[in-house]
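Biologist: Before we discuss particular residues, could you put the model on display, so that each label we use can be set against the criterion behind it?

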Amino acid sequence: MEVSTQKDDLILALNSGSSSLKFGVYGRGAGDSEEKPLLTGSAEGIGHSNGSLHIRSSEGNALVARECIHESQSEALAVLATELRDQIQAAPAAVGHRVVHGGPELRTHRLITPQVLEQLRAATHFAPLHIPQALKLIASAQKIFPAAAHFACFDDAFHRTMPEVASHLPLPQRYFDAGIGRYGFHGLSYESLVHHFGARLPGRAIFAHLGNGASLCALRNGVSVDTTMGFTPTGGIPMGTRSGDLDPGVFLYLLRSEKLSTDELEKLLNHQSGLYALSSGESDVKALEERIRSNEPRATLALNVFANSVRKMIGAYAALLGGIELLVFTGGIGEHSHHIRSLATNGLEFLGLTTDKIQIVPAEEELQIARHCRRMMVETR
């Protein structure tokens with residue numbers, strides 16, 4: 001099945017994960033005030049032997065569904081670009097890139113210029129796991145779509161509204177001046193929720209983006225006033241393979257007693273901790289829920305620790321906001337795990353958190369990227 005279009009203003013939104021590349025192609029018809037998806041999909045299992053490629057039509061019908069091994073994000077994008085040309089017979093006018101972290105100098109979504117790329121390279125030490133991958137994908141996309149305008153949409157931009165009391169870490173001032181503070185992430189997901197509710201969003205809301213990476217955000221009148229992730233996406237609540245916040249003394253112990261190098265410590269905190277560590281080797285919540293049904297104590301511990309951390313942050317943010325009028329779950333776990341949602345919210349009625357104040361809303365990060373790109377396309381013309 002082919003999807004043809006005469007539009008010359010299509011936007012390709014790219015949402016890069018550690019082993020996946022989600023995408024959406026969006027356009028606007030005459031009189032449309034919202035982006036319309038023409039194609040959506042993802043390349044999964046990048047760098048692994050069980051890779052796949054899925055592309056769906058605007059109606060949700062499968063256009064492409066096959067096993068497809070991709071060694072890198074760039075290779076996945078090249079395969080995806082070929083499929084897109086076959087399906088829509090048009091090149092995008094703009095490509096939007098989700099960039100997790102831009103460092104202290106890049107806190108707003110913007111057109112990618114040589115200067116922006118240089119600023120990103122200079123900020124690599126703020127996110128050594130994410131920025132190099134983003135730079136490689138941007139370079140590949142610019143080669144594949146040379147006529148398109150390319151935009152960077154930063155996942156921490158939404159949280160630049162946080163007051164200093166939330167963003168300033170208790171370290172000497174010189175470190176804050178050097179850019180060490182709480183940035184927060186999952187901003188594109190949270191922005192999409194704000195857009196979803198619009199004028200219906202109450203003054204005091206808590207959003208919980210729960211997936212392999214997980215965070216919560218406190219919002220007052222639709223803006224971020226605090227969030228659990230901090231200087232990097234490793235901080236906050238425990239996650240699939242990330243530790244979340246730890247007593248700094250743990251790091252000192254590991255460096256002194258275990259003689260870990262910085263690379264070994266980074267691997268431990270980002271890839272060998274969280275649910276994976278607590279369960280002795282499993283980070284997938286669906287698999288852990290299956291193991292709970294077999295009365296496996298390590299799986300029970302892992303999910304209880306995770307849900308308890310979410311529960312504590314809901315309570316903390318309710319206190320910060322002076323009450324809670326809406327709690328929204330999003331992300332793969334937040335949307336699909338009734339078990340986690342129940343563990344995290346049962347007994348919180350004393351906060352006024354009744355079932356009618358809890359909603360489940362899918363994250364629409366690719367759509368949010370397209371919205372930002374459309375605005376910036378107009379501004380740069």
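This is a predicted model: local features need pLDDT of at least 70, side-chain atom pairs count only at pLDDT 80 or more; totals for chains, interfaces and linings use all residues.

Biologist: What makes helix 14 largely enclosed by the rest of the structure?

Modeller: A residue counts as buried when its relative accessible area is under 20%, and 12 of the 16 residues of helix 14 are buried, so the helix is largely enclosed by the rest of the structure. As for its geometry, helix 14 covers residues 365-380 and reaches 22 Å from its first C-alpha to its last, close to the 22 Å expected at 1.5 Å a residue.

Biologist: How do you know that the span of helix 3 agrees with its number of residues?

Modeller: Helix 3 runs over residues 131-144, and at 1.5 Å a residue its 14 residues should span 20 Å; since its end C-alpha atoms are 20 Å apart, the two values agree. The buried residues of helix 3 are Ile131, Ala134, Leu135, Leu137, Ile138, Ser140 and Ala141, and what covers them includes strand 1 (11-16), strand 2 (21-27), helix 1, strand 6 (94-99), helix 2 (114-122) and strand 8 (149-154).

Biologist: Which residues does Val194 contact, leaving aside its neighbours within four places in sequence?

Modeller: Val194, which is found in helix 6 (residues 187-197), is in contact with Phe158, Leu201, Phe207, Leu219 and Gly222 on that count. Gly222 is 28 residues from Val194 along the chain, and their C-alpha atoms are separated by 6.4 Å.

Biologist: Why does Asn221 count as exposed, and what is its phi?

Modeller: Exposed means over 50% relative accessible area, and Asn221, at 64% relative accessibility, therefore counts as exposed. Asn221 lies in the loop between strand 10 (214-220) and strand 11 (223-227), and its phi is near 55°, a positive value in a residue other than glycine. Most residues other than glycine have a negative phi.

Biologist: What makes Asn295 exposed?

Modeller: Asn295 has 67% relative accessibility, which is over the 50% cut-off, so Asn295 counts as exposed. The place of Asn295 is the loop between helix 10 (285-293) and helix 11 (297-321), and its phi, near 60°, is also a positive value in a residue other than glycine.

Biologist: Turning to the whole protein, how many helices and strands are there, and how do you know that the protein is as compact as a globular protein of its length?

Modeller: There are 14 helices and 13 strands. The radius of gyration is 21 Å, close to the 21 Å that the globule rule gives for 381 residues, so the protein is as compact as a globular protein of that length. Along its principal axes, the C-alpha trace spans about 55 × 50 × 45 Å, and 51% of the 381 residues count as buried.

Biologist: What share of the contacts between residues at least 6 apart in sequence joins residues at least 24 apart?

Modeller: That share is 66%. As for the surface, the protein exposes about 17400 Å², of which carbon and sulfur atoms supply 52%.

Methods. Residues are numbered from 1 along each chain as its sequence is written. Side-chain values use heavy atoms; hydrogens and water are left out. Helices (H or I, at least four residues) and strands (E, at least two) are DSSP runs, numbered from the N terminus. The radius of gyration is taken over C-alpha atoms; the globule rule is 2.2 Å times the number of residues to the power 0.38. Buried means under 20% relative accessible area, exposed over 50%, partly exposed in between (1.4 Å probe, protein chains only). Contact means heavy atoms within 4.5 Å. Accessible areas come from the Shrake-Rupley method with a 1.4 Å probe; for residues, only the protein chains shown count as cover. The expected span of a helix is 1.5 Å times one less than its number of residues.
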